[in-house]
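Hi,

Here is the structure I said I would pass on.

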Amino acid sequence: MTSVSKEKPHLKPSTLWVMTIATGLVVANLYYNQPLLGDIANTYHVNSGKAGQVSMLTQIGYAVGMLLIVPLADMFKRKQLMIIDFAFVIIALLAAASAPNIHILLIASFFVGVFSLIPQLLIPMTAHLANPSERGKKIGVVMSGLLIGILLSRTISGFIGAHFGWRAVFYIAAALMVVMWVFIYFLLPEVEPDYKGNYKDLMKSLIVLIKNEPKLRMAAIRGALCFASFSAFWTTLTFLLKQNFNQGSDVAGLFGLVGAFGAIAAGLMGRLSDKMDAYKLSAFTLLLIVISFIIFLFSGHSIAGLIIGVVLMDMGVQATHISNQAIIFSLSAQARNRINTIYMVTYFIGGALGAYIASLVWNTYQWTGVSWVGIVLSVIALLMHFFNRRKVQNKTTTVHS
């Protein structure tokens, strides 16, 4: 009991900024490839479906890394784990930058995903260090960094890819990881682990958490369906712009700048989640996603329609994500990294499947098919949200009694 004060340093503003910047720069590694898929397809003379596997395998790698590595943050010192992880992500990025063929790039992309998991150590760490009354607000700040990283990564990689080639994007990303390694090493506080068992028992406890936490199960499924629709859009946008508008990776990247409005929503939703019912909030944000894909369905030849849809979709997806995280991080302080693992692994499996399905659908049904994929996924998420609400509320009353 006497170690509690050691384990929980104060969350200073400077610490929060370091965590926010690191979260944004590391998560960007997962999305640099999306505006570049057309250029990658041209470099290796492969079709859009094969190039789309680069995005899919990056997402799958992220899910694998979260499943196997993130739970270790409940066993080992978190800062130490991050320092080691940075070395591996730098190697993976350099391998992607220099890949001589599509097969090496696919393997390297998988490992870029595996080792770009540091945001999923920093977000639970934020929840751990923050005062309970400000938890949603502080998570919202770090999530704003994450969302800006996700969205501006496409803008930056699209611009660099158009002017210096897609390989330059990965070399620059590797250099940024070296810089962030230094920041984390010198400025981040250490957090001592809470879990005292072995790795096997740690992994088994994931199953126990899934069984015992209905709110976690619902948040994970809801998040996976939202992120699947999100990935379906971003994976195929570059193909749409090339085909219907004769535009390249730089324009695809600019849509990330438009989507940065979602980051504004993230900060707002973090504050709202501290004050209002997260389930009511999620119903509204899920509806935004449905509406956005209906707009996309009629915007295959309209840049204005695509812009409106992107703003609504990103606000809906990111705000739902914030709401989900406010729910799950209130469940068990001792198991936050494992809870986050369950949620985020499910989330990114959804993203990987969304990217894969959209790549296949694009080859046959083009943009109309992709829009319907997004509509179906988001409607399922909304219906599940409504149908499960009462059941989840009843079960959780028992769990927390």
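Take the contacts in the protein chain between residues at least 6 apart in sequence: 85% of them join residues at least 24 apart. Keep in mind that this is a predicted model.

What is the chain built from? Its secondary structure comes to 16 helices and zero strands. There are 401 residues in the protein chain, and 61% of them count as buried.

Now the inside. The largest nonpolar core has 129 residues. Leu-105, Phe-233, Trp-234 and Phe-348 are the ones with the most contacts inside this core. Helix α16 (residues 336–399) gives the most to it, with 17 residues.

Which residues does Leu-105 touch, leaving out those up to four places away in sequence? They are Ile-40, Tyr-44, Val-54, Ala-96, Ala-99 and Trp-166.

The protein chain averages a pLDDT of 85, and 90% of the residues score at least 70. Among its elements, helix α6 (residues 102–115) has the highest mean pLDDT, at 96, while helix α1 (residues 4–7) has the lowest, at 44. The pLDDT is below 50 over residues 1–7, a stretch with five contacts in the model beyond near neighbours in sequence. At residues 396–401 the pLDDT also stays under 50, and there the model has seven contacts beyond four places in sequence.

Cheers

Conventions. Residues are numbered from 1 along each chain as its sequence is written. This is a predicted model: local features need pLDDT of at least 70, side-chain atom pairs count only at pLDDT 80 or more; totals for chains, interfaces and linings use all residues. Side-chain values use heavy atoms; hydrogens and water are left out. Helices (H or I, at least four residues) and strands (E, at least two) are DSSP runs, numbered from the N terminus. Buried means under 20% relative accessible area, exposed over 50%, partly exposed in between (1.4 Å probe, protein chains only). Contact means heavy atoms within 4.5 Å. pLDDT is the predictor's confidence in each residue, from 0 to 100. A nonpolar core is a set of buried Ala, Val, Leu, Ile, Met, Phe, Trp, Tyr and Cys residues joined through side-chain atoms within 4.5 Å.
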